[in-house]
Amino acid sequence: MGTPDDVWPYGAIARRLVCRAGHAIASFQTHDLEDACLHYYLVGGRLYELPRDGKLGPPRLERGRLVVPVERIAHAYVPSGPVSVLAFCYRCREVFAIRSVGRHRRFTTWNPVVEYELCFVAGKLRRIVPKQVESSDDVRKRLRGEGWTIVSRRHPKAVAHLRECARWEAPLPKRRYIRPKRGRWSRL
Ligand SMILES: [Zn+2]
């Protein structure tokens, strides 16, 4: 297996490729196209491959910054047959679980799996088949079936995990301003 390609549904189709709770998924991964870390848009029942680079447009000054727009023309990609696309829903709350393995206690977190099969005929999307479309409750059920014990968000392992995530997702510190002895305020 190579590196999965991304599929970004856009427009009406994005409202059909949702998790069990109805959340739209921004991007899916698939091994059924080129398997080469490529990006595709799924729009109007067709796939378009996004090129890695594009044509640079005329630069313009915007509030002291020079903005250089890039125009990229995505070309139609014509698959035939089924294409499985997979994602996790991160808008549903994650499920925490622990399990004893020998003398160790393992800890895991899961988000709902959202997997659809897209059936293309000569490049045109003809059918969407849900393969595994979970809610958080489905995740709990699946993990219990695999011998895991579900724990709450207040479990010490879950608290530590959430704290670690918050550390990574924390916004950059607000800019601090200092008053120089002389002159104007400046930004650090
Ligand atoms: Zn969801």
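Mentor: **The open sheet and its helices**

Three strands make up an open sheet, ordered β12-β11-β15, with antiparallel pairing; strands pair if DSSP finds at least two bridges between them. At the edges stand β12 (104-110) and β15 (149-151), each with a single partner strand, so one side of each is left without a neighbour in the sheet. From one strand to the next, the twist averages 35 degrees.

A word on the ground rules: this is a predicted model, where local features need pLDDT of at least 70, side-chain atom pairs count only at pLDDT 80 or more, and totals for chains, interfaces and linings use all residues. Residues are numbered from 1 along each chain as its sequence is written. Helices (H or I, at least four residues) and strands (E, at least two) are DSSP runs, numbered from the N terminus.

Now look at β11 (residues 95-101), which pairs with β15 in the antiparallel sense over three bridges. Here Ile98 stands opposite Thr149 in β15.

Two helices pack on this sheet. Helix α1 (residues 136-145) touches β11, β12 and β15, and its direction makes about 5 degrees with that of β11. Helix α2 (residues 156-169) also touches β11, β12 and β15, but its direction makes about 125 degrees with that of β11. Contact here is between residues whose C-beta atoms, placed from the backbone, lie within 7 Å. Axes are lines fitted to C-alpha atoms, for helices over the stretch in contact, and angles run from 0 to 180 degrees between N-to-C directions.
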